[in-house]
Amino acid sequence: MTGQALTAQSMGAISCEFCGMLVSNNFIESHSQHCPRCDAHLHSRKANSLKRTTALLIAASILYFPANLYPILTLISFGKSTTNTIMGGVIELANAGQWSIAAIVFIASVFVPIFKIAALFFLVLSVHFKMSWKTRQRALLYRFTEYVGRWSMIDIFMISILIALVKLQAIATVTAGPGAIAFAAVVIITMFAAMTFDPRLIWDNSGEEDDGQ
Amino acid sequence: MCFTREGVAIETDFSYTDALLACPECDLIHEVAELEDGEQGRCIRCGAILFMKHRNSLDRALAFAMTGLLFFILANMYPLLTFELDGRSQSNRLIDGAIAFMDAGYWELGLVVFVSSVVAPLMVLVILITLLLPMRLNRFPINAQGQMRLLSYLRPWAMSEIFILGIIVAFVKLSDFADVGLGPSLVAFVCMVFATVMAYITLDDEAIWNRLKELKK
Ligand SMILES: [Zn+2]
């Protein structure tokens, strides 16, 4: 068998995104737009995937600045106050000798968000320009990006625990800073950006031959 | 591991079928293969996991979900961490983080933390039970299709496993200048996360759909 790989789209069918039932276009035209098994709305590719992902990425890129420039928390202890930005928190952990925790927070809060925005921008552009280069690697990049995105929430949970736990007025108090809102917004918006991107688009124009291995 | 491949002649004259499966990540058509217990089927083109097979999948997932719900209740009853400084002590429960954000005027953050650490993890466990328990008792679950879809919508927003890392970082940050102790609910919370992960790992969507088809008859 040579030529294009056999996909649901090329055989005139749609795969239900929730339950995986393969429904033919004939059935959809004559019966309904909804999956006969799980009742979900059927569509071959996510609607306006590239536009939506791009819009969300632009919003996340803008919010990335306040997320990193404004403080995410302030600790007051015995009258002495320390204010942390995202990066400041990492540096403080490193200075305290907590290298492994500092590394985890750095990866989750600094590296992952910027990596995610860059990777999704790259994937959007690669699909837009119908690149056929390293299709499988780009598919892996998408899967990885989608998987790691949620882990950036570590810092938000850490702040929520600190402000709930440390409230001894003048002795020790932790308060949240405005950077935390922008940071949470970046994480959530990039999660939506990954969800609206349709990875099948990577393969649609890849021109990959089906060698029937 | 098992790789499946479309045959040379594939039946394309169907109205709908579950004998063929399109890869959710690249759309490539595969024939659904018979798998042994514990085997995974992956897409031969992009490597995405297509299906998993588990013996007694539904019973095991139900048992894990019920265990998880029990631990979830325990995780909400007692403190997660205790904090002692200068002779005064404080503790926090799971829900307190969301409340503290709201009290401080950060209601958006309060909402995000409430949904991702309390509501979504709880709903995942409850839906697993309201889906699987009736099926165990040979009844058709109420709005099974809607529950299945809700489950997949909720999944990325239930972030208990990430919350554990948040606890660890908070613990390390505080132990620098105060005595921080582990509360009884922390153990329950970790057990809840473990049970939820196990319920997901053992759950076999295909087995659910097949069982629902049987029950409909
Ligand atoms: Zn695939």
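What is the geometry of the site of the zinc ion, judged from the angles among its four donor atoms?

## The zinc site

The site is tetrahedral, with angles of 101 to 115 degrees among the four donor atoms; four donors get that label if all angles lie between 85 and 135 degrees. This is a predicted model, where local features need pLDDT of at least 70 and side-chain atom pairs count only at pLDDT 80 or more, while totals for chains, interfaces and linings use all residues. Residues are numbered from 1 along each chain as its sequence is written, chains are lettered from A and ligands numbered from 1 in written order, and side-chain values use heavy atoms, leaving out hydrogens and water.

The protein donors are the SG atoms of Cys23(B), Cys26(B), Cys43(B) and Cys46(B), 2.2 to 2.4 Å from the zinc ion (donors being N, O and S atoms within 2.8 Å of the metal, or 3.2 Å for Na, K and Ca). Along the chain they're spaced C-x2-C-x16-C-x2-C. Cys26(B) and Cys46(B), 20 residues apart, link distant parts of the chain. Both of them are buried, meaning under 20% relative accessible area with a 1.4 Å probe, protein chains only.

## Domains of chain A

Chain A splits into domain 1 (1–44) and domain 2 (48–207), with bounds from an automatic or database assignment. Taken over C-alpha atoms, their centres sit 35 Å apart.

## The second largest pocket

This pocket has a volume of about 340 Å³ (a pocket is an open set of points on a 1 Å grid, with protein on both sides within 12 Å along at least five of seven lines, where a 1.4 Å probe fits; lining residues have an atom within 4 Å of a point). Of its 17 lining residues, those closest to the centre are Leu75(A), Thr82(A), Glu92(A), Lys173(B) and Phe177(B).

Terms used
Grid points are joined across faces, edges and corners, and a volume is the space filled by probe spheres set on the points. Four donors count as tetrahedral if all angles lie between 85 and 135 degrees; four count as square planar and six as octahedral if opposite donors are over 155 degrees apart and all others between 65 and 115; anything else is irregular. Helices (H or I, at least four residues) and strands (E, at least two) are DSSP runs, numbered from the N terminus. Buried means under 20% relative accessible area, exposed over 50%, partly exposed in between (1.4 Å probe, protein chains only).
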